[in-house]
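Thank you all for coming. I would like to walk you through one protein this morning, moving from its cross-links to its cores, and I will say what each term means as we reach it.

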Amino acid sequence: MKKQLIYLFCALSSGLAFGQAATIAPGTALTIFEGQKTVVVQTAKGPVEISRIMTPCGKNGGTIQPLVPVPGVHPIGETEIIQALSDRDSLVVDMRDTNDRVKGTIPGSLGIPYTEVVERISELGCVKTAKGMDCSKAKKVFAFCNGPTCPQSPIAIRAMTREGFPADKIYYYRGGMLDWDALGLTSIKNEF
């Protein structure tokens with residue numbers, strides 16, 4: 001009974017947080033790594049196959065993203081996000097598309113969709129020069145998207161570093177809105 005109540009809570013909070021129910025049915029097989037749904041590991045009792053399925057708490061299928069999408073990027077959690085919101089040298093950036101952001105985001109975050117980050121890199125403290133990108137005055141960027149399987153902020157982080165943004169000034173909150181909501185932290189809606 002307790003497990004059923006947890007599943008019901010997760011399903012309801014998932015729908016409330018994003019304004020819709022999960023589109024992938026619980027129990028559906030999901031990928032662990034790109035193109036790979038299972039991994040076999042050796043244990044003292046023999047091989048065990050690790051798989052992944054959609055749970056009622058899941059918000060998207062996706063592929064599990066690495067904790068460090070680019071060498072030099074710092075993985076962080078909720079406490080670092082909350083502290084960064086009050087740091088004048090930091091920007092907390094929601095890198096999801098606007099359709100996700102309006103359904104709920106971290107208060108005080110700046111919305112720069114992952115598809116626009118290169119065009120808007122000046123908002124992060126970089127200046128385009130004749131010699132390329134000057135990011136000597138770049139802000140610390142705390143990037144997030146939907147959660148551990150969302151590729152949007154890792155895609156943006158890779159694009160930023162290709163343009164010359166220093167990886168050591170990027171802080172990646174892989175937990176994203178999935179973990180933020182699961183912890184009951186405040187989010188705001190209709191932010192663009």
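**Cross-links, cores and charged pairs**

The structure holds one disulfide, a term that here stands for a pair of cysteine sulfur atoms within 2.5 Å. Before I go on, please keep in mind that this is a predicted model, in which local features need pLDDT of at least 70 and side-chain atom pairs count only at pLDDT 80 or more, whereas totals for chains, interfaces and linings use all residues. Residues are numbered from 1 along each chain as its sequence is written, and side-chain values use heavy atoms, with hydrogens and water left out.

Which cysteines form the disulfide? The partners are Cys126 and Cys135, with their sulfur atoms 2.1 Å apart, and the link is right-handed, with 115° about the S-S bond. Cys126 is buried at a relative accessible area of 3%, and Cys135 is buried as well, at 7%, where buried means under 20% relative accessible area, exposed means over 50%, and partly exposed is what lies in between, with a 1.4 Å probe and protein chains only. Two further cysteines also count as buried, namely Cys145 at 1% relative accessibility and Cys150 at 2%.

Let me now step back to the overall layout. The protein has five helices and nine strands, which are DSSP runs numbered from the N terminus, helices being H or I with at least four residues and strands being E with at least two. Read from the N terminus on, the elements run α-β-β-β-α-β-α-β-β-β-β-α-β-α. Of the 192 residues in the protein, 38% are buried. Taking contact to mean heavy atoms within 4.5 Å, and looking at contacts between residues at least 6 apart in sequence, we find that 66% join residues at least 24 apart.

That brings me to the interior. In soluble globular proteins, nonpolar side chains tend to be buried together. A nonpolar core, as I use the term, is a set of buried Ala, Val, Leu, Ile, Met, Phe, Trp, Tyr and Cys residues joined through side-chain atoms within 4.5 Å. The largest such core has 22 residues, of which Met95, Val117, Leu124, Val141, Met160 and Phe165 touch the most other members. Strand E4 (90-94), strand E8, helix H4 (152-162) and strand E9 each supply at least two residues of this core, and H4 gives the most, with four residues. If we take Leu124 and leave aside its neighbours within four places in sequence, its contacts include Leu91, Val93, Ile112, Val117, Ala138 and Lys139, and also Val141, Met160 and Phe165. There is also a second, separate core of 11 residues, which includes Val92, Ile106, Phe142 and Phe144.

How many aromatic pairs does a search of the whole structure find? The search finds one, where rings of Phe, Tyr and Trp (its six-membered ring) pair if their centres lie within 6.5 Å, and planes under 30 degrees apart count as stacked, over 60 as edge-to-face and the rest as tilted. Phe142 and Tyr171 form this pair, which is stacked, at 4.5 Å centre to centre and with 10° between the planes. Phe142 lies in strand E8 (residues 140-144) and Tyr171 in strand E9 (residues 170-173), so the pair ties together parts that are 29 residues apart in sequence. Both Phe142 and Tyr171 are buried.

Finally, the charged residues. The structure holds five salt bridges, each being a side-chain nitrogen of Lys or Arg within 4 Å of a carboxyl oxygen of Asp or Glu. One of them joins Lys140 to Asp87, with the closest N and O atoms 3.2 Å apart. Lys140 lies in strand E8 and Asp87 in the loop between helix H2 (78-84) and E4, so this pair ties together parts that are 53 residues apart in sequence. Lys140 is partly exposed at 27%, and Asp87 is partly exposed at 26%.

Asp94 forms a salt bridge with Arg96, the closest N and O atoms being 2.8 Å apart, and both of these residues are buried. Asp94, Arg96 and Arg101 are linked in a network of salt bridges. Glu123 pairs with Arg120 in a further salt bridge, with the closest N and O atoms 2.7 Å apart; Glu123 is partly exposed at 37%, and Arg120 is partly exposed at 22%.
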